[in-house]
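Dear colleague,

I am passing on the structure below, together with some notes on its charged side chains. Please read them alongside the coordinates.

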Amino acid sequence: MVVDSSAYNVSSKAKTLMTDFIKKYDKLAIKVDINFADTKIKNNTSRPKNLTVKKIPNQQIYIFEAPAKDNAHLELTELKSFSKPFTIILKNINLTII
């Protein structure tokens, strides 16, 4: 099933809260080695070019980001590879979970 973000009717207050959440954690995030991302991605061919991966220290919060011009798509393997619970923030990336 494919769900586009435009299908959600989100209030402006919720959008503001989400934007603030992303900005806060983006400031705290530390860039991690791309090999870390490869353990989470189905195969290397699905990894967008110029992918940046960040992690918030002592939290299970990950930020995957690609340049907006790349129209990037990312395929993640089963989520067992992440410690639970966790949060993934995607910036300029469409996501498929397999």
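**Salt bridges and a buried lysine**

Lys-91 and Asp-26 join their side chains in a salt bridge, with 2.9 Å from N to O, where a salt bridge is a side-chain nitrogen of Lys or Arg within 4 Å of a carboxyl oxygen of Asp or Glu. Because Lys-91 lies in strand β5 (residues 87-91) and Asp-26 in helix α1, the pair ties together parts that are 65 residues apart in sequence; helices (H or I, at least four residues) and strands (E, at least two) are DSSP runs, numbered from the N terminus.

This is a predicted model, in which local features need pLDDT of at least 70 and side-chain atom pairs count only at pLDDT 80 or more, while totals for chains, interfaces and linings use all residues. Residues are numbered from 1 along each chain as its sequence is written, and side-chain values use heavy atoms, with hydrogens and water left out.

Asp-26 also meets the side chain of Lys-54 in a salt bridge at 3.0 Å, N to O, a pair that links helix α1 (residues 12-28) to strand β2 across 28 residues.

Lys-54 is buried, at 18% relative accessible area, whereas Lys-91 is partly exposed at 21% (buried means under 20%, exposed over 50%, partly exposed in between, with a 1.4 Å probe and protein chains only).

Lys-55, which lies in strand β2 (residues 52-55), is buried yet has no salt bridge, and the nearest side chain of opposite charge, Asp-26, is 14 Å away (Lys and Arg count as positive, Asp and Glu as negative; His and the chain ends are not counted).

Best regards
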